[in-house]
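Thanks for coming, everyone. Have a look at the sequence and the structure on the screen, and I'll walk you through a few spots.

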Amino acid sequence: MNTVLLTIDDVASRNTPAIVDELCSRGITAIMFATGMNVERFYDEALYAVRKGMIVGNHSYSHPAFSSLTAEKGIEEIRKCEAVLDRLYQDAGVVRSYRPFRFPYGDKGGENKAVLQRYLSQQHFDKVNDRHIPYSWWRDNGLDHDIDTLWSFDFEEYRLQYDPSFTQEDIWAKTRQTNPKSGAALFGEGQRHIVLMHAHDETDAIMPGYYRQFLDCMQERGITFDKPEFIGN
Ligand SMILES: [Zn+2]
């Protein structure tokens, strides 16, 4: 078995509905981590994702690095996004069953980490079931206890828009690595991942239909997609 739980960050965007349609046609349910700011900007696109059955989770309001914020400011970022998502689900006419959270940049807040984890727990954010993630570094870093959801494989396609030395071939090379210096190979018997990609129109302009290419790449290699599950909190 080589399985993936798919997560898509920075929703919503102009290309969100096309991503959602692609996922629906393949029978994949993704967790889409949205910023409040992007949902307000692309509200219809975000509504579409909710109505089509994707799980839209909290990725803060304005995508700050949490270690640069006070705990109070960090909590305010989470609360402000929650208010936007509550309204979104209500407007979509869909019951909001799950509240997963992901920190922007995977930055868990530095010295405020414990305070923020406690807040997430007290507010009943839902921990994504990661008990099947087999890598020792996942447990060694305490990721199996954190309420927020990190990832175990990142296509890094967002770098195309910022880093001229980073190419599409670098993305494919990463998918082919069998023994990476950090993290774990995408493919291989027993590999089980939480995979990260992004909903970025900027990436679509450079690498059209990048999400389709990534899904093809994974499905051609026999990966099956996990339905999102949550551990009670
Ligand atoms: Zn992000």
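**Starting in the strands**

Okay, first stop: Ile8 sits opposite Met197 in β6. Before I go on, this is a predicted model, where local features need pLDDT of at least 70 and side-chain atom pairs count only at pLDDT 80 or more, while totals for chains, interfaces and linings use all residues. Residue numbers start from 1 along each chain as its sequence is written.

When I say helix or strand, I mean DSSP runs numbered from the N terminus: H or I of at least four residues for helices, E of at least two for strands. The protein has nine helices and eight strands by that count. Two strands pair if DSSP finds at least two bridges between them.

So who partners with β6? Strand β1, residues 3–11, pairs with β6 in the parallel sense, over seven bridges. Strand β5, residues 153–154, also runs parallel to β6, and two bridges join them. Over there, Phe153 stands opposite Val195 in β6. To get from β5 to β6, the chain goes through helix α7, residues 168–176, and this β-α-β crossover is right-handed (with the strands pointing away from you, the path from the first strand over the helix to the second runs clockwise).

Is β6 itself mostly covered or mostly open? Mostly covered: six of the seven residues in β6, which spans 192–198, are buried. Buried here means 20 or more other C-beta atoms within 10 Å of the residue's own, exposed means 12 or fewer, and partly exposed is in between, with C-beta atoms placed from the backbone.

Glu189 is exposed, because it has 7 other C-beta atoms within 10 Å.

**Into the core**

Now the inside. A nonpolar core is a set of buried Ala, Val, Leu, Ile, Met, Phe, Trp, Tyr and Cys residues joined through C-beta atoms within 7 Å. The largest one has 52 residues, and Val11, Met32, Ala34, Ala46, Ala49 and Val56 touch the most other members. β1 gives the most to this core, with five residues.

Take Ala49. Leaving out neighbours within four places in sequence, its contacts include Val11, Met32 and Val56; a contact means C-beta atoms, placed from the backbone, within 7 Å.

Val39, in helix α2 (residues 36–41), counts as buried because it has 25 C-beta neighbours inside 10 Å. Skipping residues up to four places away, Val39 touches Ala12, Ala34, Ala46, Val84 and Leu88.

Last stop: helix α1, residues 16–25, whose buried residues are Thr16, Ile19, Val20 and Leu23. Why do they line one face? Seen down the axis of α1, they fall within an arc of 100°, taking the directions from the helix axis to the C-beta atoms. As a reminder, an α-helix has 3.6 residues a turn, so residues three or four places apart point the same way.

Those buried residues pack against β1, α3 (43–51) and α9 (210–220). On the face turned away from them, α1 carries the exposed residues Asp21 and Ser25. After α1 comes Gly27, with a positive phi near 70°.

That's my tour, so over to you for questions.

Conventions:
Contact = placed C-beta atoms within 7 Å.
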